[in-house]
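Student: Could you walk me through this one while I have it open?

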Amino acid sequence: MLARYWPGIDPYLSKVVFPAALTSDGFVLELPAEDPTLPYLTPGKECQLTGPLGQPVPIRPQPNVHLLLICSRSPHTMLPLAQKALDSGADVTLLLEHPYPLNSLDTRIEIRRGELLTLLTDHIDWAEQVCLDCMPGADLYATLQPILRNGYALFTETIPCGIGACQSCAVQIGKTCVLACINGPFLPLSKVYEQ
Ligand code: FES
């Protein structure tokens with residue numbers, strides 16, 4: 001989703017936002033305390049939203065399936081998926097690279113924090129589905145090989161228009177180029193580095 005709630009044209013591009021939680025009458029956004037646009041997001045203030053953009057999360061959680069979520073930044077982009085998986089009876093493990101207020105998370109989520117590659121190596125054998133909040137580097141990608149077919153990477157970079165017009169969110173997937181705002185934002189891991 002694209003959000004705009006500050007006056008003027010600086011920053012020029014709308015902000016790419018992901019709901020941290022869905023509620024009966026809306027959703028929760030999470031923004032870092034150092035975000036320069038935060039002071040403009042006050043109660044009652046009008047917020048211009050575009051979206052949702054792209055396709056639904058392609059992962060279909062099932063009972064007793066182990067879903068691994070790998071977060072190189074704040075995990076809020078993955079939390080709705082984690083909630084959906086838990087509600088479906090799946091087991092969820094969250095691998096975190098950075099500190100996060102863990103008491104705000106569902107207690108049913110198993111949480112591990114540390115260096116992602118080490119954590120992934122320790123947990124890959126148990127995982128049946130995996131989702132990353134970034135495009136994986138070579139080491140992570142190599143470690144993910146056994147589960148690539150059940151994995152997705154989240155495109156979180158800039159999405160200027162969100163409607164397929166500017167081509168700025170083009171990502172090479174296998175032999176073709178896809179638009180993250182139309183075909184994503186979750187992209188199949190099995191094809192991300194396919195030659
Ligand atoms: S953001 Fe413009 S084409 Fe995707």
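Student: How does strand β1 pair with β2?
Tutor: Strand β1, residues 2-4, pairs with β2 in the antiparallel sense over two bridges, where strands are DSSP runs of E of at least two residues, numbered from the N terminus, and two strands pair if DSSP finds at least two bridges between them. Leucine 2 stands opposite valine 16 in β2. Bear in mind that this is a predicted model, in which local features need pLDDT of at least 70, side-chain atom pairs count only at pLDDT 80 or more, and totals for chains, interfaces and linings use all residues. Residues are numbered from 1 along each chain as its sequence is written.

Student: And which strands are in that open sheet, in what order?
Tutor: The order is β2-β1-β5, with antiparallel pairing. β2 (15-16) and β5 (48-50) stand at the edges with a single partner strand each, so one side of each has no neighbour in the sheet.

Student: What about asparagine 64, is it buried or exposed?
Tutor: Asparagine 64 is exposed, having 9 other C-beta atoms within 10 Å; a residue is exposed at 12 or fewer such atoms, buried at 20 or more and partly exposed in between, with C-beta atoms placed from the backbone. Asparagine 64 sits in the loop between β5 and β6, and its phi is positive, near 65 degrees.

How values were computed. Helix = DSSP H or I, 4+ residues; strand = E, 2+ residues; numbered from the N terminus.
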